[in-house]
Amino acid sequence: MAIKNALLVDDSKVARFALSKLLEHRDMQVNMACSAEEALDFLSSNEHPDVIFMDHLMPGMNGVEATKAIKSNPNTAGIPIIMCTSQKSSSFTKEARNFGVYNILTKPTQPDGLGLVLEQLAIDVTEGALPTAPLIDSEPEVDNYFTGIPEDASLDMSPRQTEDEPVLNGSSSSGTVPLTSDLIEQISRSAVKTHVNNRLHELLSSLFDEQFDHLKRALDESRSKQESMIEERLNAMSSMVEQRTQNLRDEVAAEVNLNLGRELADLKKELSRNSGFTGNHMAELKDHITSVQTIDTEFWQTLQSEAIQQAHEISRETAEDIAQRTIDLFVAQQRSASSRIYTVGLAVSLGVFSLGIAWLAGLFG
């Protein structure tokens, strides 16, 4: 299973920015919180991340307290937490694992170390080999200076007691730790050290944030100036290119117009030299007209012969039709009329046939 998203908890803008860039280069989605309280609110109202990068020292709730709070909540106890700190001793690593930290990254975070931790985390998540978070004790963290004091011991406000001084009236018991000057000094040093460390952390974080903001403003101003300079240079270059292009276009247009004028003048001269019909043109025209007339005469003669042939065929068909009708009439009249009427009709038919032949022969002959 790949680690896709992370929650980054750190009160320093510089640290958040640096680590977020390393995570984004690994194609991870990064959400940020500037305090442990904000991280707890994020976890209660948003989808849980695959991993949490927790800063160790923060004002208010520190990284250890935030880790205990996350691991004590059943809804968030399964989220692996990677502690980011400058303390990476073996004792601190063991102690951190005891209250549920998966691994530790030393500040400033290096890309190689981050890659190794994330790769191992992905393998453990895939194989289900994440360490089980121990039960978090609700008691406050005990300072290392008092690890040898019994839990049921009480502090006796008494002056420093030497080893040679006897115990009076059995007032000192095994469960009472005398509050000596050495113990008071240790407590004071521990408190001062803790306060100084917290204050130094706040001052360094504030200093880094101020430097980061100043650097960001400087970078933004520099980027703005560079963009303005680039835009001015681009505008100047664009104007220069446009001007040179305009000059080149004018020169090309003038050259084209000059060449076209020369070609038109040459064409005009050529047309003026070749204007009108020459003798050759007239001879060609005469030959053409003669050939057309010859074609027309031959076509007319062909048409005339075809018309005469069609007229003969029409006359013959007409005469045959008349004769057939006359014969039919004669047969009919033979049965019903005298032979004189038949003879007259035959003579008339023959006369009409003869006249038709004579007319056709006179018209087309």
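Asp-10 has a relative accessibility of 4% and therefore counts as buried, where buried means under 20% relative accessible area, exposed over 50%, and partly exposed in between (1.4 Å probe, protein chains only). The model is predicted, so that local features need pLDDT of at least 70 and side-chain atom pairs count only at pLDDT 80 or more, whereas totals for chains, interfaces and linings use all residues. Residues are numbered from 1 along each chain as its sequence is written, and side-chain values use heavy atoms, with hydrogens and water left out.

Side chains of opposite charge can pair when their charged atoms come close. A salt bridge is defined here as a side-chain nitrogen of Lys or Arg within 4 Å of a carboxyl oxygen of Asp or Glu. The structure holds five salt bridges. One of them joins the side chains of Asp-10 and Lys-107, at 2.9 Å from N to O. Asp-10 is placed in the loop between strand 1 (5-9) and helix 1 (13-24), and Lys-107 in the loop between strand 5 (103-106) and helix 5 (111-127), so the pair ties together parts that are 97 residues apart in sequence. Helices (H or I, at least four residues) and strands (E, at least two) are DSSP runs, numbered from the N terminus.

Lys-107 also forms a salt bridge with Asp-55, in which the closest N and O atoms are 2.7 Å apart. Because Asp-55 lies in strand 3 (residues 51-55) and Lys-107 in the loop between strand 5 and helix 5, this pair ties together parts that are 52 residues apart in sequence.

Patches are made of residues with over 30% relative accessible area and no salt bridge; like charges are joined within 9 Å, and nonpolar side chains (Val, Leu, Ile, Met, Phe, Trp, Tyr) within 5 Å. Glu-37, Glu-38, Asp-41 and Glu-65 form a negative surface patch. Lys and Arg count as positive and Asp and Glu as negative, while His and the chain ends are not counted. Helix 2 (residues 36-45) contributes three residues, the largest share of the negative patch. Glu-65 is located in helix 3 (residues 63-72) and is partly exposed at 41% relative accessibility.

A nonpolar surface patch consists of Val-192, Val-196, Leu-200 and Leu-203, which together have about 330 Å² of accessible area. Accessible areas come from the Shrake-Rupley method with a 1.4 Å probe; for residues, only the protein chains shown count as cover. Leu-200 belongs to helix 6 and is partly exposed at 45% relative accessibility.

Finally, the cysteines were considered. With a disulfide taken as a pair of cysteine sulfur atoms within 2.5 Å, the count comes to zero disulfides. Cys-34 is partly exposed, with a relative accessible area of 38%, whereas Cys-84 is buried, with 4%.

Methods: Charge placed at Lys NZ, Arg CZ, Asp CG, Glu CD.
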